[in-house]
Amino acid sequence: MSTRSQIKQLSIFSPTSPIYVPQQEFAPAANKGSGSASVIPSEYCRYICALAGTNKLSIICALEDQSIIRTITLNESIAGHVKALRWSKPPGPLIAEPDAFTPDSQRILCASGNRISVWDLHDENWSAEIEAGDALHFTHVDFAATHDEVIAFSEFNAHLTVFSLATGGQNVIKSPKFANATGYGFRPVTGHLALLLKLDANDTLTIHEPETYEVITTMTLNTVDAQGLKWSPNGAWLAVWDSASTVPRVEIYTADGQYYRTYSEGAKDLNLGVKTIEWSPDSQLMAVGKHDGTVALLNCKTFSLLSVLEDPLSFGSIGRDIYVEQQSSVTNGTEYVLAPKSTVFPYTFSNASGGVRAVSSITFNQTGDMLATIDHSLPHIVWMWLVKNSQAPKLIGGLIQKSSIRQLLWYPKFPQFLMTINEDDIPTAHQWICNHRPRIARIPLADGGKYSASWVRADTDQSGLIWYGWQTGYTFGYVTGSGTETSFTQVLNIEDEHPALTMDDFPVTGA
């Protein structure tokens with residue numbers, strides 16, 4: 001199933017001697033680019049890669065007052081045609097609180113439809129060029145298990161190719177079912193590739209050795225139409241979920257691809273199956289989001305049902321920890337107010353997509369005892385649940401926002417602290433600790449596009465430092481204050497001293 005690739009050329013350039021690049025002044029807001037992924041941070045936010053104009057990349061160091069430490073000129077076949085911009089993952093497992101000695105992302109990938117370029121952050125004379133030729137186009141490109149490999153899917157799902165940047169070798173696997181990240185995954189730590197294929201009209205799961213990509217296991221699935229796979233964080237289990245057009249069904253496999261068991265449940269309506277799944281960080285729980293607005297929690301020792309998080313709209317009355325975003329009477333922005341007590345839920349009309357019900361987003365916090373969910377048909381509402389193993393899971397709060405939610409970001413250092421980034425014309429960050437009043441910070445400088453954010457894990461002061469990006473630039477900063485006094489303070493060096501988070505900025509509900 002693995003063969004030599006027909007890619008036209010893979011060239012790797014090795015260093016001869018180091019080159020020194022003088023540092024330059026850089027203003028974050030002036031960093032112009034194109035496309036929704038034109039500015040991206042490294043994993044620990046120490047470096048930023050920004051598309052400057054159409055033919056250059058700028059590498060910025062967040063530890064040195066946002067200075068440009070390197071400028072890369074793009075190949076003419078990529079310039080103006082960038083479809084993917086990626087940082088590699090750091091070596092080893094991700095660290096919740098990295099220190100100065102924790103390595104960050106090392107390589108940068110930039111791709112057009114038929115060419116991939118890779119550069120090394122620490123070695124300016126090293127680079128790799130992958131040229132597909134005019135007959136082949138890539139539809140999905142990313143780093144593979146390590147920064148020494150690149151995985152690329154061809155159009156029409158004809159095949160995928162894994163390129164070795166260490167040896168120049170290539171391996172091709174034919175007939176992947178999907179040309180996106182839902183159809184494949186690399187096992188944590190070991191790097192084994194799990195892949196969904198479509199062979200002779202059957203869903204097929206294959207497990208491949210790292211580096212050589214020789215097939216270890218080939219398993220024909222019992223699914224009607226498999227929709228994705230996901231490794232558990234500890235790498236012990238692999239889950240494959242079936243189409244929403246059938247009964248809720250998740251198949252569980254061991255790390256070497258052997259069938260273990262199936263979680264399934266009866267349903268009167270065959271269109272109320274699985275939408276998505278998520279593992280808890282400790283791999284002890286699996287949350288299964290379904291098309292009936294509920295979430296099934298599974299015990300990952302037996303993969304049996306522990307409990308069900310019911311559809312929040314079925315609860316009827318509104319509790320005292322539901323907040324609604326509304327226009328402020330004091331400022332030009334918005335603020336949160338407690339939803340009035342009511343026997344019905346009156347907020348389903350605001351910005352609702354009108355689509356089919358489905359729990360489409362599930363995110364556990366760092367300790368795995370809380371999770372946040374979003375329903376596809378109500379993308380402006382986030383629900384917070386308490387799911388401690390020793391207690392029955394329960395709904396503990398909700399935020400009803402004016403715009404659809406793009407990101408759910410739990411703060412690694414304070415497990416109860418949640419931030420959301422929205423599809424809003426006005427750049428904002430929404431921050432919330434359940435049972436406390438949420439706050440909304442307007443982000444200065446941001447000038448439009450799809451907003452995104454990331455917690456800065458190298459934030460030693462525990463100030464809640466964030467990276468906030470948009471189509472043409474980015475900024476670093478932290479949020480202080482509460483209510484209409486909430487503000488965002490920009491910083492130039494993430495290692496400078498910043499005030500620590502304080503609970504005084506999150507008044508208790510009802511206070």
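Tyr259 is partly exposed, with a relative accessible area of 41%. Here buried stands for under 20% relative accessible area, exposed for over 50% and partly exposed for what falls in between, using a 1.4 Å probe and the protein chains only. The structure is a predicted model, in which local features need pLDDT of at least 70, side-chain atom pairs count only at pLDDT 80 or more, and totals for chains, interfaces and linings use all residues. Residues are numbered from 1 along each chain as its sequence is written, and side-chain values use heavy atoms, with hydrogens and water left out.

Back to the rings. Tyr253 is buried, at a relative accessible area of 2%. The ring centres of Tyr253 and Tyr259 sit 5.8 Å apart and the planes meet at 70°, so this is an edge-to-face pair. For Trp467 and Tyr474 the centres are 6.5 Å apart and the planes are at 25°, so that pair is stacked. Both Trp467 and Tyr474 are buried. Rings of Phe, Tyr and Trp (its six-membered ring) pair if their centres lie within 6.5 Å, with planes under 30 degrees apart called stacked, over 60 edge-to-face and the rest tilted. The structure holds 15 aromatic pairs on that basis. Ring pairs also tie Tyr411, Phe414, Phe417, Trp455 and Phe506 into a cluster.

Next come the strands. These are DSSP runs (E, at least two residues), numbered from the N terminus, and two of them pair if DSSP finds at least two bridges between them. Five of the seven residues of strand S32 (residues 394–400) are buried, so S32 is largely enclosed by the rest of the structure. S27 and S32 run parallel and are joined by three bridges, with Tyr323 opposite Leu399 in S32. S31 pairs with S32 too, this time in the antiparallel sense and over six bridges; there, Trp385 stands opposite Leu395 in S32.

Further along, four strands make an open sheet in the order S33-S34-S35-S36, with antiparallel pairing. Strand S33 (405–410) and S36 are at the edges with a single partner strand each, so one side of each has no neighbour in the sheet. From one strand to the next, the twist averages 20°, where axes are lines fitted to C-alpha atoms and angles run from 0 to 180 degrees between N-to-C directions. Within this sheet, strand S34 (residues 417–422) and strand S35 (residues 428–433) run antiparallel and are joined by four bridges. Thr420 stands opposite His430 in S35.

On a 1 Å grid over the protein atoms alone, a cavity is a set of points where a 1.4 Å probe fits but cannot get out, while a pocket is an open set with protein on both sides within 12 Å along at least five of seven lines; lining residues have an atom within 4 Å of a point. The count comes to one cavity of 30 Å³ or more. The largest cavity has a volume of about 80 Å³, a volume being the space filled by probe spheres set on the points, which are joined across faces, edges and corners. Its lining has 16 residues, with Gly293, Pro312, Val359, Thr373 and Trp383 nearest the centre. Strand S30 (370–375) and strand S31 (378–386) are the elements that give two or more residues to this lining.

The second largest pocket has a volume of about 360 Å³. Asn332, Gly333, Thr334, Thr428 and Arg442 lie nearest its centre, among 19 lining residues. S36 gives the largest share of that lining, three residues.
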